[in-house]
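Hi,

Here is the model I promised to pass on.

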Amino acid sequence: MASIPVETEFSHWRISNAHSPDHDFPVLAEVDVVVVGAGPAGVAAATVAAESGLSVLIVEGYGFAGGSAVAGLSATICGLYLASETEREPEQVVHGFTERFRAALAARGGVTPPQRYGLTYTVAHDPLVWREVADALLFNAGVRVMFHTQLTGVIMDADKYTGIIVHSKAGMSAIHARRVIDASGDAAAVARGGGKYFFGDEGRIQNPTMFFRLGGIDTDAFWAQWGADTISPPAITEAIVSRREKGADLPREKIWVFRSTRPGELLVNATRLSDSDGRMLNVIDPEDFTIAEMLGRKQVRAYAEFFASGVDGCRNAYVVDTGVEAGIRQTRSIVGVETLSNDHVLECRKSEHGIVRSPWPIELHSGNRPKLHWLLDDYYEIPYNTLVPAVGENIIVAGRCLSAEHEALASARVTAQCFELGHAAAVATILSLESDRGYRDIAGSQVRAIMAANGSSL
């Protein structure tokens, strides 16, 4: 079987999973579009592409859609609302597929009203309802869905991606596709085909976290002490520091708690995961991923004990569950035709080729307290070409693996923007197939115009 070698990653793992069209794997399907990953970006991409009449197949390693929003239990749709230092009602500036999904959650009672988060707002969703909404959208659009299916390689004809190799309990097989949308979050398909990528700021990436839900809460008493903001008040931060100085495993002192859609329950973002010696964990490496999850579950118990013993309304608190996996903020970013720069975000730049608005702050997790840089009363637009790999044909990315500098990605990676990035990738794919053009030959302004007609705020 012919094989195209690609670059080595880490000291003990190698990606060399690009196969030529004369592979000898059984062919499972031949479709217009294959989407890798069923997180927010993948669900949006698959749904929009299929609704245009294209044959679409989506593969996902878990037995459900959702990615970090569900498996990682992040359970918030951040990036919908403007930030402001003035007291005012939430102003939503991102719509399109994002709003379509949020509204479907709301129709099932699966999302909260806006909650104060510092200078902006966010909403929290029920992870089970999220899965049900995604199932319905994919099914109704006619997407062929394959859960429990892992990407292991790609099929390359010179520099063209012409399909993927997948593995499941049934064995290994090939899916041939005219276009590939990499919504894996990790640029998994791009990397296996030899596409260029990087990790954050010279290898320094944001640390993962372990979200958890607390039940048994007297929520009236809790919010009376905590206050209106989901970000911890000074008294809580001081109490965490004090408990940590006495030996408690509470490495992060600025924590976030959100109202759940369920009575007597809180959604908590409190942990900070690194190796026992302080080493950064890169969850592309399965050993690091494992360390993050084992330490994360241990750390959840420490924070739950803190709540039960020192926070009003939490005397009878118990851990309902944690994420199925550690919450991933950052892994590979592609080298794109264009890169979203830190300055682009800080200066709130717009562009005729912008395909997604983002008002979300630069939310950088790399210490014992997150660093927030607010974009006040404004937003920037993510350019289309940040989704297009600089090398390789017939492939586009959607979601957090877009081409972005470290701080810029800390703003662009959140759920509202990922939905719209998937929407943009689908529109570009439709244009690419209809006109037989490569992704690099499509104008972002054309993608933008179609997305606006679809309801996106552009």
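L57 has R144 as its bridge partner in β10. That pairing belongs to a set of 3 bridges between β6 and strand β10 (residues 144-146), and the two run parallel. Bear in mind as you read on that this is a predicted model.

On to the other neighbour of β6. Strand β5 (residues 27-36) is joined to β6 by 4 bridges, again with the strands parallel. Here V33 is the residue standing opposite V56 of β6.

Next, the rings. I count 14 aromatic pairs in the model. One of them is W130 with F419, a stacked pair at 6.0 Å centre to centre and with 15° between the planes. What I like about this one is where the partners come from. W130 sits in helix α3 (residues 127-141) and F419 in helix α10 (residues 415-435), so the pair ties together parts that are 289 residues apart in sequence. W130 and F419 are both buried.

Elsewhere, ring pairs link up into a cluster made of F222, W223, W226, F306 and F307.

Last stop is S457, which you will find in the segment after α11 (444-453). Is S457 buried or exposed? Its relative accessible area is 17%, and the cut-off for buried is under 20%, so S457 counts as buried. Its side chain makes a polar contact with the side chain of H95, at 2.5 Å. If you leave aside the neighbours within four places in sequence, the residues in contact with S457 are V93, V94, H95 and R357.

If you open the model in a viewer, I'd go through it in this order: β6 and its two parallel partners, β5 and β10, then the stacked W130 and F419 rings, and then S457 with H95.

Cheers

Notes: Residues numbered from 1 in each chain as written. Predicted model: local features only at pLDDT ≥ 70, side-chain atom pairs only at ≥ 80, totals over all residues. Heavy atoms only, no water. Phe/Tyr/Trp six-rings, centres within 6.5 Å; stacked < 30°, edge-to-face > 60°. Buried < 20%, exposed > 50% of the residue type's maximum accessible area, 1.4 Å probe, protein only. Polar contact = N/O pair within 3.5 Å; in protein donor to acceptor, adjacent residues only side chain to side chain. Contact = heavy atoms within 4.5 Å. Pairing = 2+ DSSP bridges.
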